Amino acid sequence: MQEEKSFVYTLILGICMLLCLLMIGRMMLGHPEAETQPVPSGEAAEEQEEQNVGFQLSEEGLREMIAQALPFAPDDLSAAIHADQTISVSANVQRQALADSGLVPGNLRTALLFLPDSCEVSANWTASVQDGAISLQCRQAEIAGIALPEDIAEALSDQIAEAINRQLAAQQIAPAELRWEDGTLSIIT
């Protein structure tokens, strides 16, 4: 029984990490949606703020990034950016598509047998800027209704945050602040 739980947790962690890395990769490959343009001199404060937006991501851009990065086509992929400083991602994944994707190593393929033919993968994170770097805190992560343990979710969040910060550094974006709106996340430099 303990071996089955360990295997299921490992499988869930692998799938969640893949989805997170894909989401981060898509965010890093995106382009700012708005170019800063000259504005009348009376709006100097707004101009300065617009120039400081290093990167802007919409929910549609987030979904596209995840869909393009996955080696299989998830069903009902959804991604949401909330004004309460959270990001939510969920998708239905076919067990056979997951097995055919090559993402699950041989010893974990047995765990796939315990998943339903179609299972939901979901996760929620809060994000903030600390010392010029993005920091993620996992609020919830699960596959097929099985929650990941806190220590695994924390380690996964740290790995994802490191990947995001590497991508931002490669694009020479030094985050100072995050601006949250429902549907849009802006990284202010």
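Accessible areas here come from the Shrake-Rupley method with a 1.4 Å probe, and for residues only the protein chains shown count as cover. With this method, the accessible surface of the chain comes to about 10,100 Å², of which 47% belongs to carbon and sulfur atoms.

The model is predicted, so local features need pLDDT of at least 70 and side-chain atom pairs count only at pLDDT 80 or more, whereas totals for chains, interfaces and linings use all residues. Residues are numbered from 1 along each chain as its sequence is written, and side-chain values use heavy atoms, with hydrogens and water left out.

**The whole chain**

Begin with the chain in a cartoon view. Its secondary structure comprises six helices and eight strands; helices (H or I, at least four residues) and strands (E, at least two) are DSSP runs, numbered from the N terminus. Along the sequence, the pattern reads α-α-β-α-β-β-α-α-β-β-β-α-β-β. Of the 189 residues, 41% are buried; buried means under 20% relative accessible area, exposed over 50%, and partly exposed in between (1.4 Å probe, protein chains only). Among contacts with a separation of 6 or more, 65% are between residues 24 or more positions apart, a contact being heavy atoms within 4.5 Å.

**The salt bridges**

Side chains of opposite charge can pair when their charged atoms come close. A salt bridge is a side-chain nitrogen of Lys or Arg within 4 Å of a carboxyl oxygen of Asp or Glu, and the count by this rule is two.

Select Asp-117 and Arg-95, whose side chains form a salt bridge at 2.6 Å, N to O. This pair links distant parts of the chain, 22 residues apart: Asp-117 lies in the loop between H5 and strand S4 (118-130), and Arg-95 in helix H4 (residues 95-100). Asp-117 is exposed at 52% relative accessible area, while Arg-95 is partly exposed at 24%.

Next, select Arg-179 and Glu-177, which meet in a salt bridge at 2.9 Å, N to O. Arg-179 is partly exposed at 29%, and Glu-177 is partly exposed at 33%.

**Helix H5**

Proceed to Thr-110, in helix H5 (residues 109-112). Thr-110 is partly exposed, with a relative accessible area of 45%. Thr-110 and Ala-99 are 11 residues apart in sequence and 10.0 Å apart in space, C-alpha to C-alpha.

**Helix H6**

Finally, select Glu-162, which is in helix H6 (residues 150-170) and is partly exposed at 48% relative accessibility.
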